[in-house]
Amino acid sequence: MGINNLIGPIPSSICNLRHLTTLILHTNSLIGPIPHSIGNLRNLTTLHLYMNKLSGSIPQEIGLLRSLNDLGLSYNNLIGPIPHSIGNLRILTRLYLDMNKLSSSIPQEIGLLRSLNYLSLSNNNLISLIPSSIGNLSNLTTLFLNDNKLSGSIPQEIGLLTSLNFLEFGALPLEMNNITHLKSLQLYENNFIGQLSNGICLGRALENFTATGNHFIGPIPKSLKNCTSLFRVRLERNQLTGDMAESFGVYPNLNFVGLSGNNFYGELSEKWGQCHMLTHLNISNNNISGAIPSQLGKAIQLQQLDLSSNHLSGKIPKELGVLPLLFKLLLANNNLSGSIPLKLGKLADLQTLDLASNNLSCPIPKQIGNLWKLSSLNLSENIFVDSIWDEIGKIHHLDSLDLSQNMLTGEIPPLLGELQHLETLNLSHNGLFGTIPHTFDDLISLIVADISYNQLEGPLPNIKAFAPFEAFKDNKDLCGNNFTHLKPCSASLKKPRKFSVLIIILLVVSTLFLLFAFIIGSYFLFQKWRKRKTMSLEGNDVKDLFTIWGHDGKLLYKHIIQGTPNFSSKHCIGTGGYGTVYKAELPTGPVVAVKKLHSPEDGDIADLKAFKSEIHALTQIRHRNIVKLNGFCSSAENSFLIYEFLEKGSLRNILTNNEEAEKLDWNMRLNTVKGVQQCSVRFRI
Amino acid sequence: MNSSISFLCFLLPILFSVTSTLCTNSEGNALHALRSRLSDPTNVLQSWDPTLVNPCTWFHVTCDSNNHVIRLDLGNSNISGSLGPELGQLQHLQYLELYRNYFEGKIPEELGNLKYLISMDLYDNKFEGKIPKSIAKLKSLRFLRLNDNKLTGSIPRELTTLSNLKVLDVSNNNLCGTIPVDGPFASFPMESFENNRFSGPELQGLVPYDFGC
């Protein structure tokens, strides 16, 4: 009478039916305890009471049902221990006690159930050790012990269960060697300790291995490293350790790997790129270091890549831009440097991009605007420079934008107002100036905004998200109507209407006047220009300073702007304390390194004198350990220094990159150190 | 209906020695049932393995720390098919993002059971039928975007009780009747309603009269 709406307790009189062989009362609403008199049903072979609301403990008398073959009591509210008498049910083949509130430990007598094929005790409150007698269940093919409070380690005897092909419980025993055809091993969310056994996957049959959320320590066993049958591996949140480069091999069928929250160190092996079926790789929250291997770009099925919270360094490889299915890229909290490769703009499926908390520099590439499916963009806590490009406004599905804590300058582009789905916006802690575009009134979905710690001025948008003080504090001169903590925007801003007529008249008059003055002035200037071919450093108009040693200043300035070109992020090498370095190929041939100094506030000319004398000193120096300064340019818009270009990059990079460091043999290193030493003696660095 | 699924749950492992934990998670079941109605030519749902103990490692599904589904991000995925009542079982869902696909059929009224829902983005699909009144039960709802579909009928007046509603867009549908003006509707711009067959804003001061359409 299964699957009915029977309610009320099981009457003890049912137990008078002594010839009953099958009692099926599952999936009803039966309440109360299992009566003690159940023991009278000596002929019972099948007892299904699962999926009810039975309470109380399993009566000892259950052990009297010696003909019982199939016992199902799952999905009830049974409490108390599993009775020791269970061991009497010698012909029991199926025992399901899962999804109850059984407590105490698993009785040793369980080992007497030699006919048992299926044993499920999962989702209870069972404690203490798994009895070693479990090793006697030689006919067991399926064992579920997960979601209990079992502790200690698994008894070695589990290795005797040679028929076992599905094992789902807690910790791993040492003697796994004999379970050679184990396909699936599920050990999650228990308190198990110890190392992963060296016998796992000896038979190369293991496909699914999950040990998430335990206290496993030690390295990945060799047998697991060579386990080529692996399809899905989850070892998150343990204390596993080992050198990442050595711990794993190549797995042709591997689909999903979760290793986050462990103590792996060393470098990320390029072998992951050979896992052509890999869709998910998460090694976040470990101690891995070195560069992200470019070979990862060969794992073409990759959809989710999470390497955040490690010590990765070097550049983001542009090869990642070739991954056609990548929709989630998380590299936050590392030491990555250099620019965002332009190729990342080709990731048409990308929905989440998080590169926060790194040392990424150079301007944010415009190509980011091509990521039309992007919904979350976080580039905060880096050293991005230059302006926020208009192109970011093309990403119409963006709901979260965080560019805070960078060195962004320039005005906020009006096109950002087109982000109608934007819910959170953080531009705080930058050097943004000018007024907030009127288009920001269109940000109808905005719930949380932060533009604090910038140099912004003018009216705040009429949106609730900008109302709190924390959202706009520490700017230059913001104003707002209907906002507390903020002065109302002055009436003079309304005057432009009447003002503009006057302005037009004044403009016309002054234009005519200027035109006249220009004609006269240019005549005199023309005379002067014919006398001078080159402009010297002294006595020139401070705002118009073009001096390159031995070259035609204005032309070289133009060449440099063309060679970089116009300081795009493609040619950006890196950003330091004083400026950003670009590689410039001049049309006349030579390749130079151009350091564009950070724009001083308000075009401060006062420092120019100090700048000039320093330049003089530097151009006189010819020392073999100092990069030769070829010249400098200083104009109202840009100031830059021009050095000879060194192919190898910075000394620091060379020494920290193992490959490059190997090329520096001992003599070369000695000479380099000597050189730095000499340098410091002379100039007291 | 729930019990018969559970019955199957229990029977299968016994009869067929299938050791899958196919049914220990009702949210996974609900999503699996959804998937069976859908056509997915670009294999966006390929990772949706029903034998896993919960759907929290499925791609485009986000869970909270208690393994409850809080986000479903299937926008721009080339998916077609219809939604069923099973979506209402995702009791902790906060973001339902199904925009820019080829979904058809009705918007199930069971979506009104998603009491923590913050965002319902069904825009740019082929949904038809009426806007279910049950959406008015979603007291946390902030974003309701149903634009660019084939919805008919009127806007249920009950939606004026959604005090947290910040953005509503029903433009480019086949809706008729009057546009409510109470509660949050007072701040929605006219663009949110354009390209429909509305007879204009609701007349204030008179007994509310459903013109029917």
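Is A:C362 buried or exposed? A:C362 is buried, because its relative accessible area is 0%; buried means under 20% relative accessible area, exposed over 50%, and partly exposed in between, with a 1.4 Å probe and protein chains only. This is a predicted model, in which local features need pLDDT of at least 70, side-chain atom pairs count only at pLDDT 80 or more, and totals for chains, interfaces and linings use all residues. Residues are numbered from 1 along each chain as its sequence is written, chains are lettered from A and ligands numbered from 1 in the order in which they are written, and side-chain values use heavy atoms, with hydrogens and water left out.

A:C362 has a partner. A disulfide (a pair of cysteine sulfur atoms within 2.5 Å) ties A:C362 to A:C572, with an S to S distance of 1.7 Å. The two cysteines sit in distant parts of the chain, 210 residues apart. A:C362 lies in strand β30 (residues 359-363) of chain A, and A:C572 in strand β40 (residues 572-575) of chain A. Strands (E, at least two residues) and helices (H or I, at least four) are DSSP runs, numbered from the N terminus. The S-S torsion of A:C362 and A:C572 is about -75°, so this disulfide is left-handed. A:C572 counts as buried because its relative accessibility is 5%.

How many disulfides does the structure hold over all chains? The count is three. Another one joins A:C479 to A:C489, S to S 2.2 Å. Here the S-S torsion is 95°, and the link of A:C479 and A:C489 is right-handed. This pair also links distant parts of the chain, ten residues apart. A:C479 belongs to strand β38 (residues 477-479) of chain A, while A:C489 falls in the loop between β38 and α4 (496-531) of chain A. Both A:C479 and A:C489 are buried.

Chain B has a disulfide too: the sulfur atoms of B:C56 and B:C63 are 2.1 Å apart. The torsion about their S-S bond is about -90°, so the B:C56 and B:C63 link is left-handed. B:C56 and B:C63 are buried.

Now the strands. In chain A, β20 (residues 239-243) and β22 (residues 263-267) run parallel, joined by three bridges; two strands pair if DSSP finds at least two bridges between them. A:D243 has A:Y265 as its bridge partner in β22(A). From β22(A), three bridges lead on to β24 (residues 287-291) of chain A, again parallel. There A:Y265 is partnered by A:N287 of β24(A).
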